[in-house]
Amino acid sequence: MGRFMKSGKVVLVLNGRFAGRKAVIVKNYDEGSTEKPYGHALVAGIDRYPRIVTKGMSKKKLKQRSKIKTFVRVYNYNHLMPTRYSVDVTLDKAAVNKDAFKDPSKRRRARREAKARFEERYKTGKNKWFFQKLRF
């Protein structure tokens, strides 16, 4: 069977605090690691989606409503559902990695990096589906 959980693939989080949220795989660990002996992935996702904007809104209101809250976590493959979509968001591998979870300041930096990249991508207007709340 081919490996389909690759970096850049959009996944849905199924369990936990961020259940129902969309995320992008940053790095996949198919064979597991010493501390996690099962297939897992480092994902960066959207906790709070941007709100709807209309033509009549001011620049200030547009800026406020386009904000995104992100999360960065390691998930077991059993708790992720892959989609057919891919997003080519390039996250800084030095900031967003497994070591970021050991130190709170590094974790904040990783989340800020993801937020900056996602907001940048949202403003270009590409990958509209990724930035919309999942209705279920």
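These notebook entries record what I looked up in a predicted model of one protein chain.

**Entry 1: helix H2**

I began with helix H2, which covers residues 104-124 and has 21 residues. From its first C-alpha to its last, H2 reaches 31 Å, close to the 30 Å expected at 1.5 Å a residue. I then asked which residues of H2 are buried. They are Ala110, Glu113, Ala114, Phe118, Glu119 and Arg121. I traced what these buried residues pack against and found strand E2 (22-29), strand E3 (40-48) and strand E4 (69-76).

Arg117 forms a salt bridge with Glu113, and their closest N and O atoms are 3.2 Å apart. The two residues stand about one helical turn from each other because they are 4 residues apart in H2. Arg117 is partly exposed at 26% relative accessibility, whereas Glu113 is buried at 14%.

I noted a second salt bridge between the side chains of Lys115 and Glu119, at 3.5 Å from N to O. Lys115 and Glu119 are also 4 residues apart in H2, so about one helical turn separates them. Lys115 is partly exposed, with a relative accessible area of 30%, and Glu119 is buried, with 14%. I recorded the general rule that an α-helix has 3.6 residues a turn, so residues three or four places apart point the same way.

My search of the whole structure gave 8 salt bridges. One of them joins the side chains of Arg21 and Asp47, at 3.5 Å from N to O. This pair links distant parts of the chain, 26 residues apart: Arg21 is in the loop between strands E1 (9-13) and E2, and Asp47 is in strand E3. Arg21 is partly exposed at 23%, while Asp47 is buried at 15%. I found that Arg21 and Asp47 belong to a network of salt bridges with Lys69.

**Entry 2: Arg65**

I then turned to Arg65, in helix H1 (residues 59-65). Arg65 is buried yet has no salt bridge. How far away is the nearest side chain of opposite charge? It belongs to Glu119 and is 13 Å away. I did find a polar atom of the Arg65 side chain 2.7 Å from the backbone oxygen of Ile52. Leaving aside neighbours within four places in sequence, Arg65 is in contact with Pro50, Arg51, Ile52, Val53 and Met57.

**Entry 3: after H2**

Finally, I checked the residues that follow H2. Gly125 comes after the helix and has a positive phi, near 90°. Asn127 lies in the segment after H2. Its phi is near 55°, a positive value in a residue other than glycine. Asn127 is partly exposed, at 25% relative accessibility.

Note on methods: Residues are numbered from 1 along each chain as its sequence is written. This is a predicted model: local features need pLDDT of at least 70, side-chain atom pairs count only at pLDDT 80 or more; totals for chains, interfaces and linings use all residues. Side-chain values use heavy atoms; hydrogens and water are left out. Buried means under 20% relative accessible area, exposed over 50%, partly exposed in between (1.4 Å probe, protein chains only). Lys and Arg count as positive and Asp and Glu as negative; His and the chain ends are not counted. A salt bridge is a side-chain nitrogen of Lys or Arg within 4 Å of a carboxyl oxygen of Asp or Glu. A polar contact is a pair of N or O atoms within 3.5 Å; within protein, one must be able to donate a hydrogen and the other to accept it, and residues adjacent in sequence count only if both atoms are side-chain atoms. Contact means heavy atoms within 4.5 Å. The expected span of a helix is 1.5 Å times one less than its number of residues.
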